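Subject: Structure handover

Hello,

Here is the structure for you to look over. My notes on what was found in it follow below.

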Amino acid sequence: MASFRWSARLLISLLAVAATIGDPTLAAPASPTDARTPQPAAKPQSVRAAVSIVPLQGLVAPIVAAANEGLPPAREPAVVPVIPPGQSEHGYEPPPSKLAALREVDLVVVVGFGLDAPIEKFLAQTPAAPGRARRVIRFAEAAGLQNEEKHAFAHGAHDHAHEPGKPCDHAVDPHLWLDPLLVVRLVDSVTAAIVETVKSDAAAKARVEKAGQELRARVLTMHESYATACAGFASKTIVVGHDAWRRLASRYGLETVAIADLNASEPTAKALERAVQTIREKKLTAVFVEPQLGERAGKRIAEAAGVKVRKLDPLGEGDWFAMMESNLDELKAALGTPPAGATRP
Ligand SMILES: [Zn+2]
């Protein structure tokens with residue numbers, strides 16, 4: 001698995017990219033081809049969007065669908081992911097064809113914190129096609145987490161000492177989409193951006209606002225399901241595939257032990273050993289694996305500790321709600337609930 005370590009230089013270029021996104025004065029001039037392309041006619045064109053990772057697709061599609069209601073169906077899906085399903089979100093280099101599609105959209109949603117750096121770089125360097133406003137939403141900013149980014153930047157040079165054998169804990173966790181309360185803020189930003197895109201059409205604007213409210217409510221219901229279930233778990237520790245689950249865990253009072261690091265690098269022998277030890281000490285019933293990373297390490301741990309292999313999928317197939325529900329089912333199966341009437345310690 002590709003390791004993707006932040007360097008000070010990378011962070012500086014990321015911040016520069018972030019600063020230029022959305023600023024039309026800094027965008028490169030349109031190519032001669034663009035100049036020859038006739039401006040689209042006044043007839044309404046359907047709204048199109050792109051997202052960097054698949055779970056964001058299901059959080060944007062209902063809002064875009066509301067904007068496009070009544071228009072003839074498009075040949076391609078209205079919301080496309082750049083990183084395809086089944087692919088880890090770490091270290092993916094999108095092919096030029098995938099990046100080129102980012103010219104023809106009204107909205108791009110990226111995560112930020114360096115997770116989708118090649119996409120942000122392309123957006124900074126390549127103008128949108130004529131007739132596309134191409135708003136860019138960075139989840140990190142929509143969630144109000146700029147301070148975490150500044151903190152990471154401050155420590156990006158790694159000019160501070162770490163205890164021997166202890167990893168740097170200043171890397172920012174980019175797995176924002178696994179925390180429903182951060183997702184609510186993203187849904188609000190996406191709704192506002194699509195409202196802005198269709199604002200000249202009062203009916204479309206009203207439909208988009210309503211769809212945004214409905215989506216927001218569904219995400220909050222998911223949050224309630226997690227909060228209720230996790231409060232009742234007999235055990236609170238999960239051994240997970242890579243270090244993607246800290247935001248979800250801290251939201252719901254769980255504790256994670258990750259086999260692979262924040263960037264899904266190849267697990268170390270020490271990490272496998274620590275996982276087995278945790279399972280034994282805490283009398284856990286399962287080790288969680290992720291479809292994008294393979295089951296090998298998880299199976300070895302399960303055999304050594306005599307527990308089941310279960311699946312926690314940080315990306316899913318494009319439906320955020322299905323992904324979150326299936327993960328909650330797996331958590332319930334592994335962590336259990338105390339028998340009714342039992343008093344918890
Ligand atoms: Zn990850």
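Which residues of H8 are buried? They are Pro-180, Leu-182, Val-183, Leu-186, Val-187, Val-190, Thr-191, Ala-193, Ile-194, Thr-197 and Val-198. A residue is called buried if 20 or more other C-beta atoms lie within 10 Å of its own, exposed if 12 or fewer do, and partly exposed in between, with the C-beta atoms placed from the backbone.

Before the rest, two remarks on the source. The model is predicted, and local features need pLDDT of at least 70, side-chain atom pairs count only at pLDDT 80 or more, while totals for chains, interfaces and linings use all residues. Residues are numbered from 1 along each chain as its sequence is written.

The chain as a whole

The chain has 13 helices and eight strands. Both are DSSP runs numbered from the N terminus: helices are H or I with at least four residues, strands are E with at least two. Of the 345 residues, 41% count as buried. Among contacts with a separation of 6 or more, 70% are between residues 24 or more positions apart. A contact here means that the C-beta atoms of two residues, placed from the backbone, lie within 7 Å.

H8 covers residues 180–198. Its 19 residues should span 27 Å at 1.5 Å a residue, and the end C-alpha atoms are 27 Å apart, which agrees. The expected span is 1.5 Å times one less than the number of residues. The buried residues of H8 pack against H3, strand S3 (107–110), strand S4 (135–138), helix H6 (139–142) and H9.

H9 has 31 residues and reaches 46 Å from its first C-alpha to its last, close to the 45 Å expected. Its buried residues are Ala-204, Arg-207, Val-208, Ala-211, Gly-212, Leu-215, Val-219 and Tyr-226. These pack against H3, H8 and helix H13 (320–335).

Two packed helices are described by the angle between their axes and the distance between the axes. The axes are lines fitted to C-alpha atoms, for helices over the stretch in contact, and angles run from 0 to 180 degrees between N-to-C directions. Angles under 35 degrees count as roughly parallel, over 145 as roughly antiparallel, 65 to 115 as roughly perpendicular and the rest as oblique.

H8 and H9 pack at about 175 degrees with their axes 9 Å apart, which makes H8 roughly antiparallel to H9. The residues in this contact include Val-183, Val-187 and Ile-194 of H8, and Val-208, Leu-215 and Tyr-226 of H9. By class, the contact has 15 nonpolar, three polar and four charged residues. In this count Ala, Val, Leu, Ile, Met, Phe, Trp, Tyr, Cys and Pro are nonpolar, Asp, Glu, Lys and Arg are charged, and the others, Gly among them, are polar.

The axes of H3 (residues 57–68) and H9 (residues 202–232) come within 8 Å and cross at roughly 160 degrees. H3 and H9 are therefore roughly antiparallel. On the H3 side the contact uses Pro-62, Ile-63, Ala-66 and Ala-67, and they meet H9 residues including Ala-204, Val-208 and Leu-215. The contact of H3 with H9 has eight nonpolar, one polar and two charged residues.

H3 and H8 pack at about 25 degrees, with axes 10 Å apart, and are therefore roughly parallel. The H3 residues in this contact are Leu-59, Val-60, Ile-63, Val-64 and Ala-67. By class, the contact of H3 with H8 has eleven nonpolar, two polar and no charged residues.

Two residues with positive phi

Arg-134 lies in the loop between helix H5 (117–125) and S4. Its phi is near 45 degrees, a positive value in a residue other than glycine. Is Arg-134 buried or exposed? Arg-134 counts as buried, with 24 C-beta neighbours inside 10 Å. Leaving out residues up to four places away in sequence, Arg-134 touches Val-105, Asp-106, Val-108 and Ala-128. Arg-134 and Ala-193 are 59 residues apart in sequence and 9.7 Å apart in space, C-alpha to C-alpha.

Lys-283 is not a glycine either, and has a positive phi of about 55 degrees. Lys-283 is in the loop between helix H11 (269–281) and strand S7 (286–289). Lys-283 is exposed, with 9 other C-beta atoms within 10 Å.

Regards
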